[in-house]
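Visitor: I'd like to talk about aromatic side chains. Can you put the model up?
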Amino acid sequence: SGLRNALGWAEIPWQNKLITSLGTQDLKDDGDVVKERIIREFQKKAADQYLEMWKKRTASEHRSLFNLARDGFLHARNPDITPLLENGLIVADLNLRPMNESFRRFIIRTGLSECLDEHNAQAKTGLWFQVWRPIGVGLVLIMTFLVLTQDQYRQITLAFLGVLPALLGVLSQALTASKNEKPETVASA
């Protein structure tokens, strides 16, 4: 039980069988090396059961498990906490955590392979969208500052805002007309 507590294993029947099947370890070795070896061995033996448990979870629960495994916390109002606690997939000690270290590693590896990581999703949108937002916010702030402090920019802005509805109407009509036009085939003579 000391080993179980040190490695962060919850009281789940199939885990107890795996712990006993690992046999006795020579705990006189370096504790971290032994702990790492046990976690890896446990992960190998439990991989099928972890995968089976993972497949039974919803996409929302996948994201919650992934965020908990990666960041170490979930928002208190997260609706997935209760079902995950009831199924023993997460444990509420002082903080929420996955049921054990090998399951935490499984969640991270599986979550990354299923692209649950927001950073991977951001990378797929492209560099332009990542750069445009801060530049756009900066430009809006500069324009607002100039309009509020400089009289000439204020006059130009007010004149532009007066013409803006007409420009939007013309642009809308032009786009509608271009969508309705079908390319005509030219008859050759």
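Guide: Start with Phe106. This is a predicted model, and in it Phe106 has 3% relative accessibility, so the residue counts as buried, being under the 20% cut-off.

Visitor: Okay. How many aromatic pairs are there?
Guide: The count is four aromatic pairs. Take Tyr50 and Phe103 as one of them: the ring centres are 5.0 Å apart. Their planes meet at 55°, so this pair is tilted.

Visitor: Where do Tyr50 and Phe103 sit in the chain?
Guide: Tyr50 is in helix α3, residues 31–55. Phe103 is in helix α6, residues 101–113.

Visitor: Switching to accessibility. Is Tyr50 buried or exposed?
Guide: Buried, with a relative accessible area of 0%. Phe103 counts as buried too, at 1% relative accessibility.

Visitor: Back to Phe106. Why is its pair with Tyr50 called tilted?
Guide: The planes of Tyr50 and Phe106 are at 45°. Stacked needs under 30 degrees and edge-to-face over 60, so 45° falls in the tilted class. The ring centres of Tyr50 and Phe106 are 5.5 Å apart.

Visitor: And what does that pair link?
Guide: Distant parts of the chain: Tyr50 in helix α3 and Phe106 in helix α6, 56 residues apart.

Visitor: Which residues do ring pairs link into a cluster?
Guide: Tyr50, Trp54, Phe103 and Phe106.

How values were computed
Residues numbered from 1 in each chain as written. Predicted model: local features only at pLDDT ≥ 70, side-chain atom pairs only at ≥ 80, totals over all residues. Heavy atoms only, no water. Phe/Tyr/Trp six-rings, centres within 6.5 Å; stacked < 30°, edge-to-face > 60°. Helix = DSSP H or I, 4+ residues; strand = E, 2+ residues; numbered from the N terminus. Buried < 20%, exposed > 50% of the residue type's maximum accessible area, 1.4 Å probe, protein only.
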